[in-house]
Amino acid sequence: LALVYKAAGTGATAPSMTVQGGGTVVAVEDPMARLELAVTCAEGTDGELYVADAGAHRIVRFEAGSIPGSTSSVVVGTGAAGAGASLNNPLAIAVVDDLMFVADAGNHRVLKVNLTTYEMQAILGD
C-alpha cells in the first residue's frame with residue numbers, strides 16, 4: 001500500500017510511503033488523514049477504522065468503505081501532548097461494541113471512550 005498525500009487544490013504531492021510488498025496507491029486529500037505516527041488500529045462494529053496516531057496524540061476514525069482519508073474525523077485527542085491534553089502518546093486501542101479502550105501511555109492510564117457520545121473515562125491509572 002502506498003499513500004500519496006496531495007496538497008488540496010495544488011496537485012503537488014508530499015513524499016509517499018510504501019508498505020513492504022507494494023500495492024495500491026491511494027490519494028489522500030483530507031488533512032485529518034495525514035498521520036504523524038500511526039501505531040495501531042482497530043475495526044469498529046460498522047466496519048469503520050480507528051487509528052491510534054501517537055505522533056499527533058489523537059485517535060482518528062475513517063468511515064467504512066471509504067478511500068482512506070476521504071472521510072475522517074478525530075475521535076479523541078487535542079493534537080498536543082501533556083497533562084492538559086486529552087491524550088499523550090496513545091499506544092493501543094481496542095473496540096468492543098460501542099466502546100473503545102485506549103492505552104494512553106504518556107498519561108499513564110487506560111481510557112474507556114463511548115463511541116456514541118464520545119465521552120471518555122479513565123478506568124485505570126492516573
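This is a predicted model: local features need pLDDT of at least 70, side-chain atom pairs count only at pLDDT 80 or more; totals for chains, interfaces and linings use all residues.
**Stop one: Arg61.** Select Arg61 and you land in strand β6, which covers residues 58-62. Is Arg61 buried or exposed? Its relative accessible area is 16%, and buried means under 20%, so Arg61 counts as buried. Now show its side chain and look for partners. One is the side chain of Glu63, with a polar contact of 2.5 Å. Another is the side chain of Tyr50, joined to that of Arg61 by a polar contact of 3.3 Å. Keep Tyr50 in mind, as this residue comes up again below.

**Stop two: Asp53.** Next, pick Asp53 in strand β5, residues 49-53. Asp53 is buried, with a relative accessibility of 0%. What does its side chain reach? A polar atom there sits 2.8 Å from the backbone nitrogen of Leu37. Bring up the surroundings too: beyond four places in sequence, Asp53 contacts the run Arg34, Leu35, Glu36, Leu37 and Ala38, plus Arg58 and Pro90.

**Stop three: the core.** Now select Tyr50, Ile59, Ile93, Met100, Val102 and Leu115, the residues with the most contacts inside the largest nonpolar core, a set of 14 residues. To see where the core comes from, colour β5, β7 (72-76), β8 (90-96), β9 (99-104) and β10 (109-114); each gives at least two residues to it. In soluble globular proteins, nonpolar side chains tend to be buried together.

Notes: Residues are numbered from 1 along each chain as its sequence is written. Side-chain values use heavy atoms; hydrogens and water are left out. Helices (H or I, at least four residues) and strands (E, at least two) are DSSP runs, numbered from the N terminus. Buried means under 20% relative accessible area, exposed over 50%, partly exposed in between (1.4 Å probe, protein chains only). A polar contact is a pair of N or O atoms within 3.5 Å; within protein, one must be able to donate a hydrogen and the other to accept it, and residues adjacent in sequence count only if both atoms are side-chain atoms. Contact means heavy atoms within 4.5 Å. A nonpolar core is a set of buried Ala, Val, Leu, Ile, Met, Phe, Trp, Tyr and Cys residues joined through side-chain atoms within 4.5 Å.
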